[in-house]
Structure formats: structure tokens, C-alpha cells
Amino acid sequence: MSKITFNELPLSSDVLRAIEEMGFEKPSKIQEQAIPEAMKGRDIIGQAQTGTGKTLAFGSVLLTNLKPSDHISAIVLSPTRELANQIYEQFKKMGRYTDLRFTCVFGGSPIERQIRTIKKGCDIIIGTPGRVMDLMRRKVLRLDELQYFVLDEADEMLNMGFVEDIETILQSVPETRQTLLFSATMPDGIKKIASNYMKKDYLHIRIKQKQQTATTVEQFFYVVKPKEKFETLCRVLDSEKIDSAIIFCKTKRSVDEVASELKAHNYNVESMHGDISQETRMHTLKQFKAGKIKYLVATDVAARGIDVDHVSHVINYELPQEDELYIHRIGRTGRAGAKGVAFSLVSPRELSYFRKIERKTNSHFVELEVPTIDDIFNNKMNEILFEIQDILDHNGQYDYREVVRSIPKNMRDDVLAALLKMAFDAKIGYEYDDENDLSEIKYDKLMFDRGKVDRVNKSKLIAFICDESGIKSDKLGEITIKRKCSYVYVEKDVTDRVIKKCSHKKLNNRKVEVTYVEG
């Protein structure tokens, strides 16, 4: 946190008054460094993690420097509708004491209404690239007198394929405009935009990423085989006390598949990703905020537009591709001082990568046993008994006493047990197999005395083990290739077979010794 206050920054009194009412006292590092330089008129690349206050950093500058006019003076581009709306809401709060007019434009919403708003007069446009280009083609949006061009979440823009759209828009604005570009990461595409469209003396402000997860979030993981991942997810949902949860997947396809399967098993769930219509997404988000939807399955990009304080759990059904995204994901829980919980479902082969995330984010991950059928039963029974107690507290059982009295005394215990079974069955959607205890899968660690110097890699080692021992690759867990040896986790039921069949056999024309590693 900065040691200076907002009052020490060169912002207008109207904007400072609004910032104070928003509850901010001291600027974040990106705000402290970017605001003074942007106020001088410099082009800036602001590189900082999501959630560090980048919107206020550029918004306060625009709202301070611009004056109401008969043309559009600034445009802010954002990758998604939800993020554009968030920026718009922030501008409304920051600009409440100014006379500036701003609006938000995006696809999936009636364009005629947006056209009418712009024609009435607008100083700042906040929107997605596609809708902005559409309005430009219709000659509604004229940017020939633009003073500011702002690109927010630039890395996500590139990931979503908006490069050509951004360049088309940039080619239509005056060269004299000031360009402010904000991003969490700095891929080559952003460097290309900077070199082609920003002033040569642009300033790159990079805020060192803390890479540290919130202390209010407890982080756990389960080691599960890919084919058992969905059942494990259901076991977690049924055994944990969850108020609401966001379940993360890497792709839109995965989101649809997981949400569809959960719905088929009667879970209260909806999906959220970029291909879903704006109207549906806004309705889903509203329902989720109101607590009418318990589980939301989402992609990383779509989840950036979710601003909900009551999320009790985050579940990584699929691990993110970058450790930064892990930080963003679990930041959706444990907000406003509340405690949060994050679960990750990790396949044996992902363990090395998962441990890297742990180190880079300064986190502490605790491994848990996959919930058993008994865990699920106990959790659901506690829910049922709590609901019964609530009925008793409100005397809701009164009208049913005569029915109970009509049941023969020698049958009442059985009737009560049957009612509890009915209540339990109504809470369980997945058909669990009592004999399929996922938590019993254990691994042994084996050392192969061949490594990188012997030209051994993971694919060669897996092929060697499977060919020589006759086991399937899903019996193998984490694999680590060292310089002169390799470590492989194998399921306990095939340990002896792998040692016996692979020892003294040739890998890359060199004999291999396989030994069991204690611990």
C-alpha cells in the first residue's frame, strides 16, 4: 500500500471527493505511479495484477482532464461485456460530481438504445471492440477528435483474438491522442501494439506481482484420476458445507460439459462463458448474486466479470494454464474479510505443475482424501437435521402431528427412518457406488537409474514402463526426470510388477535398475 494519500495526487477536487466517498484513502502502487505520469500526458503501459485498481488509475485521469464537449473525447476498450459494465459502474462513482457523460456499449444488448444515447451527446465511451466497430461502421461513433485511447485487460484482448479489431480502431483515431494500456501480463502482442501505436517515449510501469494468495482462503487439493474427476467433484459438493461456489474450467467446452452433467444429476448450477448471450449471462449473474443459483461453472475470462462477496468456495475442476490465473480464481472467495476455501482436482501427472503454482504463489496446499460415502451421508444428514430443527423452531410440524399419532407405535421408528431416507435421496443426484472408494488409491515411489543424460524423457519412460510391464498408463502418477535418474509414482497394486518386469531391461539401449523409494 502507498504511503501517500490520494489528496497528494494531481487530481481534480470533484474526482478526489468521489474517491473519498468510495472509501479509498491511499492509492495502490499502480495508481501512485501511473496517475502522475498520465496527468503529464505520457503514453503508459501499466502492468499489474487484476484487482490492483487499474480502473481507478486511468479513470481518475480521464475524469480530471476532460471537459464536456460536443464530441467523443475518450474511449475505453474492454474484452468482455461484464468487465465493460464494471468499468462503467466505476466511472459513474468516480464521475458523480463532474458534468461528463459516459456510456457503455457492447454486443448482446439493443444497439438502437446505445445509438440514441450516443446521439444525445457523450464524452467517454466504454465498450467491447466488436460493438465499437459496429457503431463506427454505422457512422454513429466518430473518433476523429479523440484525446484518450484506453485498452484495459490487454492480455485478455489478445487471448480472445481482438488484435485486428484493436488495430482497426487505433488506425481511426488521431495520432495526437494519449494512449493508456493496462494489462496483467506482457505478451509479445502487447509489445507490438506499443511499438506501432504508442509514442516512442511511452512509459512501462511494472508493479512487481506479489504472487501471494489471500490469507483468508484455505487451499486444499485432491489427487484424482482424470476418469474419476467428475465423481470426485460430486463427492466434494455433497460432503462439504458450501453456500455458493464457482467451479473453474479452462475452456468453454469443458464449462458446458461439466455444467450439463451437474444439471443431469440435479445440482443447482449454471454456466458462464463468452459464447452465452449477454441477456442470459446477466440474468445468471443476478440469480447467482441473489443466492438462487448455488454453483456457477465458468471460464477464467468470464469470471473476471463476477463481483460477488458471498462466494464460499472456489473449485479448480481444471488447473489454470498460468499461476497468475490461480491467484485470480481463488480471489473470488475469502472477500470482505470472510473466510474462503479453494479446492483443486489434480491428476497424478499434474502434481509437478501444481507444486510449481504453490511455490510461485507462496501458497500452502493441503492434500485431502477424496470424500467417502460416509462423509457424504454425514454431511447430508446434518443438513436434514438442521432443516428439521428449523421447522421445529417455527412450529411448522403442528399440522402433521395427527398423522404421526395414526402410525402404530411399533412402526414409528421405521417410518421415521424411511422419511430420512427419502430426504437423503432427494439431496443426492449422483449415484455413488459404495464399493468404489476413490480415497483408497495410493502410490509407491520408484526410482529408475536413468535420466536426462541418457536421453530419457517422460513419453519415452511411460512407453517403456507400459510396454515392459503390460500395465496401462493411468496406473502411473507423477513423473520427475532428473539428470541421472527418474522418479515415478505407480499405484501400489502394480508396484511389484513394474519393478520385476522393468529391471534389467533396456531403455535407450541401456539397462535399467528399478528400486523402491521409502516415503
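**Figure 1. Overall view of the protein.** Of the 519 residues in the protein, 51% are buried, where buried means under 20% relative accessible area, exposed means over 50%, and partly exposed lies in between (1.4 Å probe, protein chains only). You are looking at a predicted model, in which local features need pLDDT of at least 70, side-chain atom pairs count only at pLDDT 80 or more, and totals for chains, interfaces and linings use all residues. Residues are numbered from 1 along each chain as its sequence is written, and side-chain values use heavy atoms, with hydrogens and water left out. The protein has 20 helices and 20 strands; helices (H or I, at least four residues) and strands (E, at least two) are DSSP runs numbered from the N terminus. Along the principal axes, the C-alpha atoms fill a box of roughly 85 × 80 × 45 Å. Among contacts with a separation of 6 or more, 75% are between residues 24 or more positions apart, a contact being heavy atoms within 4.5 Å. The accessible surface comes to about 26200 Å², with 48% of it belonging to carbon and sulfur atoms; areas come from the Shrake-Rupley method with a 1.4 Å probe, and for residues only the protein chains shown count as cover.

**Figure 2. Salt bridge between Arg96 and Glu21.** The structure holds 29 salt bridges, each a side-chain nitrogen of Lys or Arg within 4 Å of a carboxyl oxygen of Asp or Glu. Here, Arg96 pairs with Glu21, and their closest N and O atoms are 3.0 Å apart. Arg96 sits in the loop between helix 4 (81-94) and strand 3 (102-105) and Glu21 in helix 1 (residues 13-21), so this pair ties together parts that are 75 residues apart in sequence. Arg96 is partly exposed at 38% relative accessibility, and Glu21 is partly exposed at 43%.

**Figure 3. Salt bridge between Arg281 and Glu82.** In this view the closest N and O atoms of Arg281 and Glu82 are 2.3 Å apart. Because Arg281 belongs to helix 12 (residues 278-289) and Glu82 to helix 4, the pair ties together parts that are 199 residues apart in sequence. Both Arg281 and Glu82 are buried.

Figure 4. The side chains of Glu387 and Lys427 meet in a salt bridge at 2.8 Å, N to O. This pair links distant parts of the chain, with Glu387 in helix 16 and Lys427 in helix 18 (residues 412-427), 40 residues apart. Glu387 is partly exposed at 39% relative accessibility, and Lys427 is partly exposed at 23%. Through shared partners, salt bridges join Asp238, Lys380, Glu383, Glu387 and Lys427 into one network.

Figure 5. Lys356, Arg359, Lys360, Lys452, Lys458 and Lys482 gather in a patch of positive charge on the surface. Patches are made of residues with over 30% relative accessible area and no salt bridge, with like charges joined within 9 Å and nonpolar side chains (Val, Leu, Ile, Met, Phe, Trp, Tyr) within 5 Å. Helix 15 (residues 351-360) gives the most to the positive patch, with three residues. Lys356 lies in helix 15 and is partly exposed at 45% relative accessibility. The other patch is nonpolar: Leu385, Ile388 and Leu392 make about 250 Å² of it. Leu392 is found in helix 16 (residues 373-393) and is partly exposed, with a relative accessible area of 42%.

Note on methods: Lys, Arg positive; Asp, Glu negative; His and termini not counted. Charge placed at Lys NZ, Arg CZ, Asp CG, Glu CD.
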